[in-house]
Amino acid sequence: MQDTISPDSAEALAAAIEAAVTDNRPLEVLGRGSKRGLGRSSNLAHALDLSKLSGITLYEPEELVLTAGAGTPLAEIEKTIAKKNQILAFEPPDLGSLLGGPPGKGSIGGVLACNLAGPRRIKAGAARDHFLGVTAVS
C-alpha cells in the first residue's frame with residue numbers, strides 16, 4: 001500500500017519534500033492521478049498528492065492571464081474561462097475514459113507535466129507553450 005502525503009500549502013509541500021530528501025524516500029508526484037497510465041509506471045512506496053493545492057487564484061480575462069494551483073481540475077478552469085467566452089488554445093484532451101478513469105478528473109498540473117494538447121497543437125502550440133510562470137518549492 002502506498003503512503004500518500006497531501007500538503008495543503010506551499011510550506012507543507014516544502015516540508016514534505018525536505019523530509020523525503022532527508023529520509024532518501026523517492027516520491028511519486030500526483031495531481032489527481034488521472035495520467036498515471038502515461039509514460040513509465042512507477043511502483044514507489046510514497047506519493048506526493050498535490051490535489052489540495054487547488055484553485056484559481058488570479059483570473060484577468062482581458063489580459064488572458066490565469067493563475068491556478070497544480071491540483072486545480074481542468075474542468076474548473078475551462079468552466080471559469082467559458083464564462084468570458086474563452087478557451088484554452090491548446091485544447092487539452094480529457095483522457096480519463098481512455099486511461100480507465102472517470103472523465104473530468106485531470107488537473108492543470110497533469111496537463112503541463114505531460115504537455116498535452118489537442119488537434120490545434122500544430123497551429124496553437126502545446127500546453128507548455130502557453131505556460132508563462134511557475135512558483136516552485138525546493
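Leu 44 counts as partly exposed because its relative accessibility is 28%, where buried means under 20% relative accessible area, exposed over 50%, and partly exposed in between (1.4 Å probe, protein chains only). Leu 44 lies in the loop between β2 and β3; helices (H or I, at least four residues) and strands (E, at least two) are DSSP runs, numbered from the N terminus. Setting aside neighbours within four places in sequence, Leu 44 is in contact with Gln 2, Pro 26, Leu 27 and Glu 28, contact being heavy atoms within 4.5 Å. The C-alpha atoms of Leu 44 and Thr 22, which are 22 residues apart along the chain, are separated by 17 Å.

The model is a predicted one, in which local features need pLDDT of at least 70, side-chain atom pairs count only at pLDDT 80 or more, and totals for chains, interfaces and linings use all residues. Residues are numbered from 1 along each chain as its sequence is written, and side-chain values use heavy atoms, with hydrogens and water left out.

β1 and β3 (residues 46-49) run parallel and are joined by three bridges, and two strands pair if DSSP finds at least two bridges between them. Asp 3 stands opposite His 46 in β3.

A separate pairing follows. β4 (residues 56-60) and β5 (residues 65-68) run antiparallel and are joined by four bridges, with Glu 60 having Val 65 in β5 as its bridge partner. The two strands form a hairpin with four residues between them. Most residues other than glycine have a negative phi. At 66% relative accessibility, Leu 64 counts as exposed.

Glu 91, in the loop between α2 and α3, also is not a glycine and has a positive phi of about 45 degrees. Glu 91 is partly exposed, with a relative accessible area of 28%.

Next comes the helix α2. Its buried residues are Leu 74, Ile 77 and Ile 81. They cover an arc of only 60 degrees around the axis, which puts them on the same side of α2; the arc is that of the directions from the helix axis to the C-beta atoms. These buried residues pack against β4, β5 and α3.

The largest nonpolar core has 13 residues, and those with the most contacts inside it are Leu 74, Leu 88, Phe 90, Ile 108, Val 111 and Ala 127. A nonpolar core is a set of buried Ala, Val, Leu, Ile, Met, Phe, Trp, Tyr and Cys residues joined through side-chain atoms within 4.5 Å. α2 (74-82) and α3 (108-114) each supply at least two residues of this core. Beyond four places in sequence, the contacts of Phe 90 include Val 111, Leu 116, Ala 127 and His 130. A second, separate core of five residues includes Leu 13, Ala 16, Leu 48 and Leu 53.

Asp 23 forms a salt bridge with Arg 25, with the closest N and O atoms 3.6 Å apart; the term requires a side-chain nitrogen of Lys or Arg within 4 Å of a carboxyl oxygen of Asp or Glu. The count by this rule comes to one salt bridge.
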